[in-house]
Amino acid sequence: MSFIELIIIAIGLSMDAFAVSIGKGLSLKKIKLSHALKVGLWFGGFQALMPLMGYLLGSTFADIVSAFDHWVAFALLTLIGGNMIKESIEKDDDDCDCNKKEGDGFGFSTMFTLAVATSIDALAVGVTFAFFKVAIIPAIITIGITTFLFSIAGLKIGNIFGCKYKSHAELFGGVILILIGLKILIEHTIF
């Protein structure tokens with residue numbers, strides 16, 4: 001996998017965290033460094049951890065499924081991407097809650113739940129990384145840093161613009177994951 005492909009996957013995976021960060025930005029009158037670090041570290045950390053867990057799980061079964069691994073990767077990425085697209089279409093961007101008190105929603109249980117929820121798709125991507133023997137350490141570092149940066153950017157954008165672009169970010173991320181899955185399938189069935 002090339003570095004460009006890895007960056008594209010990292011951007012696609014970070015879109016859920018980006019979208020949630022936009023919502024978090026809505027709840028703040030003013031962004032503090034602590035808010036940015038919490039959002040970036042929670043989301044970036046889990047986006048790095050989950051592919052590693054998926055990779056370890058996938059490595060255990062890689063030999064068994066190597067004959068159809070490209071189909072598994074295509075199915076997983078298409079499922080994840082399709083779900084992101086579906087969520088982007090179903091969400092009403094006008095439903096954002098802008099009436100929260102300053103700082104609400106940054107506690108441990110809230111951030112943990114959001115970090116896990118936004119990184120489940122990264123677990124499946126980690127499984128596909130194992131099938132294709134991707135160098136996992138550079139991959140998780142790239143995904144973690146990309147998500148860290150996108151989460152902080154989402155917090156700022158949410159604070160400035162509100163939820164106007166939240167569904168567009170999820171739609172973009174879903175399309176990217178489906179295209180990567182299609183590319184993998186084509187490379188392994190046609191070439």
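Which residue lies over the face of Phe 106? That's Lys 24, sitting 5.0 Å from the ring centre. Bear in mind that this is a predicted model. Here's a quick tour of its nonpolar cores and its aromatic rings.

**Nonpolar cores**

- The largest nonpolar core has 28 residues, and those with the most contacts inside it include Ile 9, Leu 13, Leu 77 and Leu 177.
- Leaving aside residues up to four places away in sequence, Leu 177 touches Leu 13, Leu 77, Ile 80, Gly 81, Met 84 and Asp 121.
- Apart from this core lies another one, made of 11 residues, with Leu 28, Ala 36, Val 39 and Phe 46 among them.

**Aromatic rings**

- You'll find six aromatic pairs in the structure.
- Trp 42 and Phe 46 make a stacked pair, 5.9 Å centre to centre with 20 degrees between the planes.
- Both of these residues lie in helix H2, four residues apart, or about one turn of the helix.
- Phe 46 has 14% relative accessibility, so it counts as buried.
- Trp 42 also pairs with Phe 112, this time edge-to-face, at 6.3 Å centre to centre and 80 degrees between the planes.
- Phe 112 has a relative accessible area of 37%, so it is partly exposed.
- Ring pairs join Trp 42, Phe 46, Phe 108 and Phe 112 into a cluster.

How values were computed. Residues are numbered from 1 along each chain as its sequence is written. This is a predicted model: local features need pLDDT of at least 70, side-chain atom pairs count only at pLDDT 80 or more; totals for chains, interfaces and linings use all residues. Side-chain values use heavy atoms; hydrogens and water are left out. A nonpolar core is a set of buried Ala, Val, Leu, Ile, Met, Phe, Trp, Tyr and Cys residues joined through side-chain atoms within 4.5 Å. Buried means under 20% relative accessible area, exposed over 50%, partly exposed in between (1.4 Å probe, protein chains only). Contact means heavy atoms within 4.5 Å. Rings of Phe, Tyr and Trp (its six-membered ring) pair if their centres lie within 6.5 Å; planes under 30 degrees apart count as stacked, over 60 as edge-to-face and the rest as tilted. Helices (H or I, at least four residues) and strands (E, at least two) are DSSP runs, numbered from the N terminus. A charge sits over a ring if NZ of Lys or CZ of Arg is within 6 Å of the ring centre and within 35 degrees of the ring normal.
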